[in-house]
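The sequence and the structure come first, and the description follows.

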Amino acid sequence: MTELLSLRGVGKTYGTVRALEDVSLTLRSGEISCVLGDNGAGKSTLIKIIAGLHRHDEGTFTVGGEEVRFDSPRQALDRGIATVYQDLAVVPLMPVWRNFFLGSEQGYKRWGGLRIDADGMRATTRTALADMGIDLPDVDRPIGTLSGGQRQCVAIARAVHFGARVLILDEPTAALGVKQSGVVLKYVTAARDAGLGVVLITHNPHHAYLVGDHFTLLKRGRMAGSHPRAEIGLEQLTTEMAGGSDLAELSHELSRADLPGLPGAPGAPTPDSAEERPQP
Ligand SMILES: Nc1ncnc2c1ncn2[C@@H]1O[C@H](COP(=O)(O)OP(=O)(O)OP(=O)(O)O)[C@@H](O)[C@H]1O
Ligand SMILES: [Mg+2]
């Protein structure tokens, strides 16, 4: 598998906030690399560096073996790096096909002017969605009427169609229910099968483990783990993600809460007292 991009010891400071420190990650084609971490762990900062929105101030970032320091998302896009943000930049009232071609409209010359090729773009959108196995027959619908999951799918198909080699997804399933999350994850694997490298950001170890080939855990801006799939199971990933010791501490604190009915709370029945109760 070809190496698409690589980060080595990358760091980023915003004013006095050290958002990222000494993070390393390698992405190859045909691979899904998951980045997991809690709120504020630095996930968005990491992908903003890859996407050309922010610049790293430590370490090296290479694309196709060549060191880069992007000044704009356009530069990242020119290198084949497409990013799908959670709050998708779409124009809700415009049809699906217009959104699909937003910024890359096709046209033709007619009577001395340039006209947009609506029929061509409609047909291409239909084919591109069908090629990914996305079932959306009416591309004239305003994109705002689609579900969040469907919109994510259109964005993924768009990145694949316009030749992205790297697809970055920031929490694509965060706002979705179980079924829609499944559909989005299916198209994430379709993008991988088309040979793209995917960086999937998520809070959810279950979603990550369904599709991931590699898992990077971030905690307060630092790497708290980096494992190929063969070396980690779902249970361990979930525990690491939750922060094993933090979770034990939380469970201890909760068990002391002054709530009747909770184990350990005053007045709560204990297994012993239940046994002592007279049987009817
Ligand atoms: N533009 C910014 N200016 C200053 N501080 C920032 C900026 N962006 C992020 N930070 C800080 O950097 C740290 C990492 O933030 P980041 O958004 O990368 O986390 P995240 O893992 O994406 O969190 P979430 O799960 O909430 O999206 C946080 O402490 C955040 O407050
Ligand atoms: Mg974020």
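**Overall make-up**

The model is a predicted one. Its chain contains ten helices and twelve strands. Of the 280 residues of the chain, 33% count as buried. Among contacts in the chain with a separation of 6 or more, 67% are between residues 24 or more positions apart.

Helix 1 is itself mostly covered, as eight of its eight residues are buried. These buried residues are K43, S44, T45, L46, I47, K48, I49 and I50. After helix 1 comes G52, which has a positive phi, near 85 degrees.

Strand 1 (residues 3–14) runs antiparallel to strand 2, and eight bridges join the two. In one of these pairings, V10 has V23 of strand 2 as its bridge partner.

**The hairpin of strands 7 and 8**

Strand 7 (residues 107–110) pairs with strand 8 in the antiparallel sense, over four bridges. The two strands make a hairpin with two residues between them, and W111 in the turn has a positive phi of about 50 degrees. Y108 has R115 in strand 8 as its bridge partner.

L114 is part of strand 8 (residues 113–116). Is L114 buried or exposed? L114 has 10 other C-beta atoms within 10 Å, and a residue with 12 or fewer is exposed, so L114 counts as exposed. With neighbours within four places in sequence left aside, L114 is in contact with G107 and K109.

**Helix 6**

Helix 6 (residues 178–193) has 16 residues, which at 1.5 Å a residue should span 22 Å; the end C-alpha atoms are 23 Å apart, in agreement with that figure. Its buried residues are S181, V184, L185, Y187, V188 and A191. Seen down the helix axis they fall within an arc of 160 degrees, so they line one face of helix 6. An α-helix has 3.6 residues a turn, so residues three or four places apart point the same way. V178, K179 and D193 are exposed, on the other side of helix 6.

The cover over the buried residues of helix 6 includes strand 3, helix 5, strand 9, strand 10 and helix 7. Their residue ranges are listed here.

| Element covering helix 6 | Residues |
|---|---|
| Strand 3 | 31–37 |
| Helix 5 | 148–161 |
| Strand 9 | 166–170 |
| Strand 10 | 197–202 |
| Helix 7 | 205–211 |

Helix 6 is followed by G195, whose phi is positive, near 95 degrees.

Conventions:
Residues are numbered from 1 along each chain as its sequence is written. Chains are lettered from A and ligands numbered from 1 in the order in which they are written. This is a predicted model: local features need pLDDT of at least 70, side-chain atom pairs count only at pLDDT 80 or more; totals for chains, interfaces and linings use all residues. A residue is buried if 20 or more other C-beta atoms lie within 10 Å of its own, exposed if 12 or fewer, and partly exposed in between; C-beta atoms are placed from the backbone. Two strands pair if DSSP finds at least two bridges between them. Two residues are in contact if their C-beta atoms, placed from the backbone, lie within 7 Å. The expected span of a helix is 1.5 Å times one less than its number of residues. The arc is that of the directions from the helix axis to the C-beta atoms.
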